[in-house]
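Here's a quick tour of a protein model, written for someone new to reading structures. Take a look at it first, then work through the notes.

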Amino acid sequence: MPVRQWPITLVLAVAALGIAVTWFGDFKYGLMLVGGSLLLAAVLRLTVPEVGMLAVRSRFTDVGVLTFLGGAIVLLTLVAQPDPWLHLSVLDHLGSLIGRPRG
């Protein structure tokens with residue numbers, strides 16, 4: 001494996017660890033690792049000049065897409081039921097619209 005492929009290898013290793021934690025342990029910690037791996041990929045794509053196969057399109061597009069997807073996974077994990085780690089009042093209001101009691 002060429003030396004310049006270390007960023008994609010690192011990102012895939014963290015994502016694989018996250019999937020394993022999701023499968024065998026707590027799904028929230030595992031999904032945080034998966035989302036974190038995408039955010040790590042965005043940081044690597046932004047800062048490292050030679051990222052090998054991590055570069056797909058332009059730097060701006062890669063960083064934007066990876067940040068959006070990683071942030072979405074992290075945010076959805078933080079508000080996931082049961083016992084969300086982050087409480088958003090707007091979600092309580094949306095839930096009341098479909099008949100779910102507040103609480």
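This is a predicted model: local features need pLDDT of at least 70, side-chain atom pairs count only at pLDDT 80 or more; totals for chains, interfaces and linings use all residues.

Residues are numbered from 1 along each chain as its sequence is written, and side-chain values use heavy atoms, with hydrogens and water left out.

**How α1 and α2 pack**

- Start with α1 (6–24) and α2 (27–47); helices here are DSSP runs of H or I with at least four residues, numbered from the N terminus.
- The axes of α1 and α2 come within 6 Å and cross at roughly 170° (axes are lines fitted to C-alpha atoms over the stretch in contact, and angles run from 0 to 180 degrees between N-to-C directions).
- That makes α1 roughly antiparallel to α2, the label for angles over 145 degrees.
- On the α1 side, the residues that meet α2 include Trp6, Leu10, Val14 and Ile19, and their partners in α2 include Phe27, Leu33, Leu40 and Leu44; contact means heavy atoms within 4.5 Å.
- Sorted by class, this contact of α1 with α2 has 17 nonpolar, four polar and no charged residues (Ala, Val, Leu, Ile, Met, Phe, Trp, Tyr, Cys and Pro count as nonpolar, Asp, Glu, Lys and Arg as charged, and the others, Gly among them, as polar).

**How α2 and α3 pack**

- Next up is α3 (59–78): its axis and that of α2 come within 8 Å and cross at roughly 160°.
- That makes α2 roughly antiparallel to α3.
- Among the residues in this contact are Leu31, Gly35, Gly36 and Leu38 of α2, along with Asp62, Leu66, Gly70 and Gly71 of α3.
- The contact of α2 with α3 has 14 nonpolar, six polar and four charged residues.

**A pocket to find**

- The second largest pocket has a volume of about 160 Å³ (the space filled by probe spheres set on grid points joined across faces, edges and corners).
- A pocket is an open set of points on a 1 Å grid over the protein atoms alone, where a 1.4 Å probe fits, with protein on both sides within 12 Å along at least five of seven lines; lining residues have an atom within 4 Å of a point.
- Of its 13 lining residues, Leu38, Leu54, Val56, Asp62 and Leu66 are the closest to the centre.
- The largest share of the lining, four residues, comes from α3.
- Nine lining residues are nonpolar, two polar and two charged.

- Pro82 is in the loop between α3 and α4 (89–97), and a cis peptide bond joins Gln81 to Pro82, with omega about -5°.
- Asp83 is in the loop between α3 and α4 too, and its phi is near 55°, a positive value in a residue other than glycine.

Terms used: Helices (H or I, at least four residues) and strands (E, at least two) are DSSP runs, numbered from the N terminus. Angles under 35 degrees count as roughly parallel, over 145 as roughly antiparallel, 65 to 115 as roughly perpendicular and the rest as oblique.
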